[in-house]
Amino acid sequence: MFTVATKLLTPAALFIRNQNLKSFSLMAAATFSTNSPSYVPLKRVGTHNGSFHCDEALGCFMIRLTNKYSGAEIVRTRDPQVLETLDAVLDVGGVYDPSQDRYDHHQKGFAEVFGHGFTTKLSSAGLIYKHFGTEIIAKELQVDEGHPDVHRLYLAIYKSFMEAIDAIDNGINQYDTDQPPKYVNNTHLSSRIGKFNLDWTDPDQSSEKENAAFQRAMTLAGSEFLDSVRFHVKSWLPARSIVMECLAARTNIDPSGEIMVLDRFCPWKLHLYELEQELKTEPSVKYVLYQDERSKSWRVQAVAKSPDSFESRKALPSQWRGLRDDELSKETGIPGCVFVHMSGFIGGNLTYEGALAMARGGLKL
C-alpha cells in the first residue's frame, strides 16, 4: 500500500534543503531515527532545476514508492558533477541506462517505447513506470509481481494514464491531422502541472519558491497517479472479470451471440471493446442488457462502433425512436416498453424478458 509514501509528500512531513541554490531536496523527516544503532544514508534521486513538466514531477513521485528509493531525497540540479554522485537521475543528464538508474529521454538517438503494442516514445515518467510499475502495482494489490493481475493492470494503467503524459511531453499529437483543434484543452494533468511553474510576472523568482512549486507538482501528479492505480484495482479489474464472464455466456442468451446480458451492472464499454479484440469475438456484440438499479426496469443499450463514437453498431429501429410506454409497446408488439431514445442508442422495458425481446427485434429490423 502507498499510505506512508503519500504522507511523505505532504507539506508538513517534508524537510526542504537548498544546496548553493542549485539543488532541492525533499527528505522525509521520519525516514530515520537518531536512536538507530547505525545511520544509513537516504538514497538520492536527481532531476533538473528550472521550469518543470509533468513527467519529472510524476517520475520523482513514483520512484519514491519503490523499496529501493522509498523516502529518497529529490535533488534538483543540472550540475553534471552533482548528478554523477546521485543514486538515480531522471529527465536530465543525457543518459538512459536502467542498470545505473539513469532515466533521461532527451538525448539524440533515444527511441525507447513501453512495448506490448505501444509505440509512443517514453518520457522520464514512462521510463520510471516501465521499470518500476509492476512493483508499485503489486504493492497496491498486495500480491507478488508475477501475479497475472499485476501485468494486466500494468498495461491498463499505461494505456489510460501514463501514455498521454509520455505523448504530451514528447510533442506527439493525439490525432493524425493537420487541422487545428476545434477547442483548447488546458485541463489535462500535464497542463495543470505546468501551471505550477512560477509566473514571469512574479517578482519572487527564487530557487526556494521554485522548489516549493515543484513539491506541489509532485503531490498533484502523484495523487492522480495513485487515484488511477486504486481505481483500476478496486473498480476496473472486478468489472473486467464480470464483462468477460458475461461475454463468454452471450450465446446462452441468444444464439446469434450479438446480445450480452450483464448479470450485475458495472462499467462495461471499454472492457467489451478490449475483450472482443483480445478474444477475436465474431460477430461483435450489438446490444447489452442490464438492470437499472434505481427503477429496477431493464435497459437495452446499443454498442457504439468505437469507444469514442456516438454512432452505434446497430441502433434500435428508427420506427421505435422517440416513442414511450403504450405507444411504443403497440409499435413493437412487446409489452412493458418504457422508451427508446431519439438516437436509438438506448431503450427500456419493465422486464428482462421485454428488454431481450427488444434487442432481438432490433437485430431483425
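Author: A residue counts as buried under 20% relative accessible area, as exposed over 50%, and as partly exposed in between, with a 1.4 Å probe and protein chains only. Helices (H or I, at least four residues) and strands (E, at least two) are DSSP runs numbered from the N terminus. This is a predicted model in which local features need pLDDT of at least 70 and side-chain atom pairs count only at pLDDT 80 or more, while totals for chains, interfaces and linings use all residues. Residues are numbered from 1 along each chain as its sequence is written, and side-chain values use heavy atoms, with hydrogens and water left out.

Reader: How many helices and strands does that give, and what share of the protein counts as buried?

Author: The protein has eleven helices and 14 strands. Of its 365 residues, 47% count as buried.

Reader: What makes one side of helix H10 its buried face?

Author: In H10 (residues 325-332), the buried residues are Leu328, Ser329 and Thr332. Seen down the axis of H10, these residues fall within an arc of 100°, so they line one face of the helix. The arc is taken over the directions from the helix axis to the C-beta atoms. An α-helix has 3.6 residues a turn, so residues three or four places apart point the same way. Turned away from the buried side of H10 are the exposed residues Asp326, Glu327 and Lys330. Strand E13 is among what covers the buried residues. After H10 comes Gly333, with a positive phi near 75°.

Reader: Why is helix H2 called mostly covered?

Author: H2 (residues 54-63) has ten of its ten residues buried. Among them are Cys54, Leu58, Phe61 and Ile63.

Reader: Why are H2 and helix H5 described as oblique to each other?

Author: Two packed helices are described by the angle between their axes and the distance between the axes. The axes of H2 and H5 (residues 148-169) come within 9 Å and cross at roughly 140°. Axes are lines fitted to C-alpha atoms, for helices over the stretch in contact, and angles run from 0 to 180 degrees between N-to-C directions. Angles under 35 degrees count as roughly parallel, over 145 as roughly antiparallel, 65 to 115 as roughly perpendicular and the rest as oblique. H2 and H5 are therefore oblique.

Reader: Which residues of H2 and H5 meet?

Author: Cys54, Asp55, Leu58 and Met62 in H2 meet Phe161, Met162, Ile165 and Asp169 in H5, where contact means heavy atoms within 4.5 Å. By class, this contact has six nonpolar, no polar and two charged residues. Nonpolar covers Ala, Val, Leu, Ile, Met, Phe, Trp, Tyr, Cys and Pro; charged covers Asp, Glu, Lys and Arg; the others, Gly among them, are polar.

Reader: What makes E4 and E6 edge strands?

Author: Two strands pair if DSSP finds at least two bridges between them. The open sheet has the order E4-E3-E5-E7-E6, with mixed pairing. E4 (73-76) and E6 (96-97) each have a single partner strand, so one side of each is left without a neighbour in the sheet. Strand E3 (residues 44-47) pairs with E4 in the parallel sense over four bridges, with Thr47 opposite Arg76. H2 lies across E3, E4 and strand E5, at about 155° to E5.

Reader: How do you know that E13 and E14 pair, and in which sense?

Author: E13 and E14 (residues 346-349) share three bridges in the antiparallel sense. Phe339 stands opposite Gly348 in E14.
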